[in-house]
Amino acid sequence: MSLRSPLSRARGLGSAKHGVHHFWVQRVSAIALIPLALWFVFSVATLASKGGSFEAVRYWASYPSVAVTLVLFLAAAVYHSMLGVQVVIEDYVSSEGWKITALLLSKFAHVVIGVAGIFAVLKLALA
């Protein structure tokens with residue numbers, strides 16, 4: 001018989017023995033996305049109301065603070081998406097082979113999308 005409570009025995013470990021790190025990282029990325037998404041929507045709406053030409057977007061993205069914030073938004077959004085897709089795959093794909101394949105393809109696709117998005121922002125900002 002142990003004198004430890006069930007909570008103290010389980011703290012930091014889930015059924016997979018990997019802890020609750022994934023849960024917390026997904027929640028933190030969601031919280032980070034709230035102000036970033038609001039900023040992005042407001043900025044795009046402001047640009048659209050002013051005509052929204054390519055030159056206007058290029059000029060807007062050339063500000064260092066805007067470029068950094070866009071990169072942060074893209075990185076947080078892609079990372080949050082990758083974590084969410086991972087949970088869906090782990091929960092709903094029953095075959096271990098298909099699960100591993102789907103997880104690898106998902107991570108690869110998210111990395112490619114993230115790198116391409118950040119490259120596009122940097123190209124706009126530095127052009």
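**Ground rules.** I am looking at a predicted model, where local features need pLDDT of at least 70, side-chain atom pairs count only at pLDDT 80 or more, and totals for chains, interfaces and linings use all residues. Residues are numbered from 1 along each chain as its sequence is written, and side-chain values use heavy atoms, with hydrogens and water left out.

**Overview.** I looked up the elements and found 5 helices and 0 strands. Helices here are DSSP runs of H or I with at least four residues, strands are runs of E with at least two, and numbering starts at the N terminus. Of the 127 residues, 22% count as buried, that is, under 20% relative accessible area with a 1.4 Å probe and protein chains only. I also checked contacts (heavy atoms within 4.5 Å): among those with a separation of 6 or more, 68% join residues 24 or more positions apart.

**α4 with α5.** How do α4 and α5 lie to each other? Their angle is about 170° and their axes are 10 Å apart, so they are roughly antiparallel. The axes are lines fitted to C-alpha atoms over the stretch in contact, and angles run from 0 to 180 degrees between N-to-C directions. I listed the residues that meet, including L70, L74 and Q86 in α4 and L103, K107 and H110 in α5. By class, this contact has 14 nonpolar, 6 polar and 3 charged residues. Ala, Val, Leu, Ile, Met, Phe, Trp, Tyr, Cys and Pro count as nonpolar, Asp, Glu, Lys and Arg as charged, and the others, Gly among them, as polar.

**α5 itself.** I noted its buried residues, among them L103, H110, G117 and V121. Their cover includes α3 (54–61) and α4.

**α2 with α4.** Helix α2 (residues 21–49) and helix α4 (residues 64–92) pack at about 140°, with axes 9 Å apart, so I call them oblique. Their contact holds 16 nonpolar, 7 polar and no charged residues.

**Q86.** Is Q86 buried or exposed? I found Q86 in helix α4, and it is buried because its relative accessible area is 16%. Leaving aside neighbours within four places in sequence, Q86 touches H22, L103 and K107.

Technical notes: Parallel < 35°, antiparallel > 145°, perpendicular 65-115°, else oblique. Buried < 20%, exposed > 50% of the residue type's maximum accessible area, 1.4 Å probe, protein only.
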